Amino acid sequence: MKQLVIIIASILFSILFYNRGIGLNLSLFTVITILLLYIHNSHKFKNKTILLHVLAYVLSAVFVFVNHTALAIITNCAAFFTLVGTVSQSANSIYVQWFNGIYSSVAGLFHRNFEVNETAHKIDWKKNIDVMHWAKLIGIPLVFVTVFILLYKNGNPIFNDFVSQINFSFINLQWVLFTILGYYLFSNISKPVQVDPATSIDLKTNNRLLKGQHFSEEKLKKEKQLGITLLGFLNLLLVFYIVTDIISLSTIETTKASALSNHVHSGINTLIASILIAIGVILYFFRGNLNFYAENRTLKSIAFAWIFLNVLLIGLIAIKNQIYITSFGLTYKRIGVHIYILLTLIGLITTFLKVLKVKNLAYLFRRNTQIAFVVLLVCSTINWDATITKYNLTKAKTFDVGYLINLTNRNAIILNELKDTIEISQRQKDSIETKYLNHITSLSQKDWQEWNYETFANSEKLKKTNH
């Protein structure tokens, strides 16, 4: 029964994806994947972590259908590997789940069938699959049947005419191979596997930092003094930088894109270096027994002050970037700066919690990768091309129409709707209309597997195009 499910799923895989673009098919593939995993691993689906990742996977598929952006598709693929890895072992860190998910998808079948039985010291797959027997069972009769068909064709004209009329052109070898690929994929993920020792080591590693055996108060005292001196001077330097940055912020000429660009980009470069150094220094001093030293309160306070000052620095960069956006509109780079600022802020917060709650490096990796996955999922909810276009044409003081025209066709409809509300040249209006017509024509020519929300939302326009 379970093999029949895999065969049906592989046939549906070809129907959905063979010679087709991405659209409704990826959402249907998501449903098929969840059903297949549930049928083969139903006892595991009582786990709340697995159900949470099922929800994330379904949401990512919804965002692919609604937004149909490259980011949404990437997020759906990431959610797929995460779910498969979670079914493999739900207690693992998310980055180990990704590893298990990718490995299961690529080599799960081979891992299960070729795994060595340590007790018997022989390969288990021979018990279940006699490859040589099946090769003989299929290959030998096929060879003899082919030979005798050729012999009988020469010996009997009626038989020859009958065989000649048999037309196998309906068999598409590429479609068959694509179906086999689908069968291989679904066979791999049907029973996700765990990669050791990565899985077992991760399960044994908790988030708590343990006190080392060699606890020298004299050595820790010297290290504390070094930390206080270093972080103290860095705090004073950062305070001076922030004060001068606030002063420079008040003198920015918002009418000059080059001036704003220099302020933002130089700020980002400073931010990158400052945050990396801040996190590195803090992790160095609080890597071990200094966390358990009774007289470490002053060092902790200075470290927390350093983190707080870096948060202020992040705020200043965010303000500069937002001034840039307000004055000259949204672009992917400016959105990327805001996302980077958010991730940096999260990194500082988790570093603060690591020191406050005496956590280890595993805690940082686990929390930050989990949060990065959530941020990726949230970002995929937005059609960025359409958002950039609408904001720039309705709210930005100035904007680059050429930039908007060169974005993907995901903004073609809204760009066409707003083109008459802005002052642009006739040549630019013609370019927008051409882009719009090309997009509508492309939508009207899609097969049902490639449909998305935009196809349904613009069904009337598509009917006019078809007529």
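Me: What makes helix α16 mostly covered?
Reply: In this predicted model, 8 of the 11 residues of α16 (residues 384-394) are buried. Buried means under 20% relative accessible area. The buried residues are Trp-384, Asp-385, Ala-386, Ile-388, Thr-389, Tyr-391, Asn-392 and Leu-393.

Me: Which helices do the buried residues of α16 pack against?
Reply: They pack against α4, α13, α14, α15, α17 (401-405) and α18 (412-418).

Me: How do you know that the span of α14 agrees with its number of residues?
Reply: The expected span is 1.5 Å times one less than the number of residues. For the 25 residues of α14 that gives 36 Å, and the end C-alpha atoms are 36 Å apart, so the two agree. Buried residues of α14 include Arg-334, Ile-341, Leu-348 and Lys-354. After the helix comes Val-358, with a positive phi near 55°.

Me: How does the reach of α9 compare with the expected value?
Reply: Helix α9 (residues 173-190) has 18 residues and reaches 25 Å from its first C-alpha to its last, close to the 26 Å expected at 1.5 Å a residue.

Me: Which residues of α9 are buried, and what do they pack against?
Reply: Thr-179, Gly-182, Leu-185, Phe-186, Ser-187, Asn-188, Ile-189 and Ser-190 are buried. The buried residues of α9 pack against α1 (2-17), α2 (24-40), α4 (70-88) and α5 (94-113).

Me: Why is α2 called oblique to α9?
Reply: The axes of α2 and α9 come within 9 Å and cross at roughly 45°. That angle makes α2 oblique to α9, because angles under 35 degrees count as roughly parallel and 65 to 115 as roughly perpendicular. On the α2 side the contact is made by Phe-29, Ile-32, Thr-33, Leu-36, Leu-37 and His-40, and on the α9 side by Leu-185, Phe-186, Ile-189 and Ser-190. The crossing of α2 past α9 is right-handed.

Me: Which residues touch the most other members of the largest nonpolar core?
Reply: The core has 33 residues, and Leu-231, Leu-271, Ile-282 and Phe-286 touch the most other members. At least two residues come from each of α11 (217-249), α12 (257-285), α13 (297-328), α14 (332-356) and α15 (361-379). The largest share, 10 residues, comes from α13.

Me: What does Leu-231 touch?
Reply: Leaving aside residues up to four places away in sequence, Leu-231 touches Val-281, Leu-299, Ile-302, Ala-303 and Trp-306. A second, separate core has 31 residues, including Val-5, Leu-26, Leu-37 and Ile-50.

Conventions:
Residues are numbered from 1 along each chain as its sequence is written. This is a predicted model: local features need pLDDT of at least 70, side-chain atom pairs count only at pLDDT 80 or more; totals for chains, interfaces and linings use all residues. Side-chain values use heavy atoms; hydrogens and water are left out. A nonpolar core is a set of buried Ala, Val, Leu, Ile, Met, Phe, Trp, Tyr and Cys residues joined through side-chain atoms within 4.5 Å. Buried means under 20% relative accessible area, exposed over 50%, partly exposed in between (1.4 Å probe, protein chains only). Helices (H or I, at least four residues) and strands (E, at least two) are DSSP runs, numbered from the N terminus. Contact means heavy atoms within 4.5 Å. Axes are lines fitted to C-alpha atoms, for helices over the stretch in contact, and angles run from 0 to 180 degrees between N-to-C directions. Angles under 35 degrees count as roughly parallel, over 145 as roughly antiparallel, 65 to 115 as roughly perpendicular and the rest as oblique. A crossing is left-handed if the near helix is turned anticlockwise from the far one by less than a right angle, and right-handed if clockwise.
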